[in-house]
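Morning, everyone. I have one model to walk through today, so let me put it on the screen.

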Amino acid sequence: MKKLTTKKLVLSGLFLALGLILPFLTAQIPSISNKLLPMHLPVLLCGFIVGWPYGLAVGFITPILRSALFTMPPMFPTATAMAFELAAYGCIAGLVYAARPNKDKKDIYISLIIAMLGGRVVWGIVSYILYSFVGNPFTWKFFIGGAFINAIPGIIVQLILIPIIVSAVEKSNVTTNA
């Protein structure tokens, strides 16, 4: 049991580090860097590979820590809303995938899509609350634009890479998610 917990903590640390580093790599493509959603990938992978509690923790910590260390994204409201969004991604991906019967590509896609939708809903609710605190309207148009339209490149990347990586990791027996 202790070995399994250590493995989960080490993998979670790896995914946290990737969440801190990947935005630097995508920043080299200024026109779509934020649209690639570089922090989302490691958090979703953490939920799938390590499990929902770790995915939730890594998801919540990553944008807050990145903001504290590098001032990007700005702590309020962006990193704060992202913390809840990414926590939801990691949690939902891990929970739904663990509950799926076959753990095949179809189950990966179902879990991924549910997590992506759930995280975006959480982001919208939290953003609405945070923007209301400072008197700025958070409109339906802003939600659709931020959650879906501007995120199309990142959504495509997630739909392509996550199933490939999760399948490869499971075939290699590195996975710890039950």
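Is Val-96 buried or exposed? Buried, because its relative accessible area is 19%. The terms: buried is under 20% relative accessible area, exposed is over 50%, and partly exposed is in between, with a 1.4 Å probe and protein chains only.

Some ground rules. This is a predicted model, where local features need pLDDT of at least 70, side-chain atom pairs count only at pLDDT 80 or more, and totals for chains, interfaces and linings use all residues. Residues are numbered from 1 along each chain as its sequence is written, and side-chain values use heavy atoms, with hydrogens and water left out.

Back to Val-96. It sits in helix H4. Helices here are DSSP runs of H or I, at least four residues, numbered from the N terminus. Leaving aside residues up to four places away in sequence, Val-96 touches Ser-111 and Ile-114. Contact means heavy atoms within 4.5 Å.

Follow that to Ser-111. This serine belongs to helix H5, residues 105-133. Ser-111 is buried, with a relative accessible area of 0%. A polar atom of its side chain lies 2.8 Å from the backbone oxygen of Asp-107. Beyond four places in sequence, Ser-111 touches Phe-48, Ala-93, Val-96, Tyr-97 and Arg-100.

Phe-48 takes us to H2. How many of the residues of H2 are buried? 10 of 10. Among them are His-40, Pro-42, Cys-46 and Phe-48. After H2 comes Gly-51, with a positive phi near 120°.

Now the packing of H2, residues 40-49, on H4, residues 75-99. Their axes come within 7 Å and cross at roughly 30°. Axes are lines fitted to C-alpha atoms over the stretch in contact, and angles run from 0 to 180 degrees between N-to-C directions. The H2 side of the contact is His-40, Val-43, Leu-44, Gly-47 and Phe-48. On the H4 side, the residues include Met-82, Tyr-89, Ala-93 and Tyr-97.

Last, the cores. A nonpolar core is a set of buried Ala, Val, Leu, Ile, Met, Phe, Trp, Tyr and Cys residues joined through side-chain atoms within 4.5 Å. The largest one has 29 residues. Phe-15, Leu-44, Phe-48 and Ile-162 are among those with the most contacts inside it. H2 gives the most to this core, 7 residues. Another core lies apart from it, with 8 residues, including Ala-81 and Phe-143. As a general point, nonpolar side chains tend to be buried together in soluble globular proteins.

Methods. Helices (H or I, at least four residues) and strands (E, at least two) are DSSP runs, numbered from the N terminus. A polar contact is a pair of N or O atoms within 3.5 Å; within protein, one must be able to donate a hydrogen and the other to accept it, and residues adjacent in sequence count only if both atoms are side-chain atoms.
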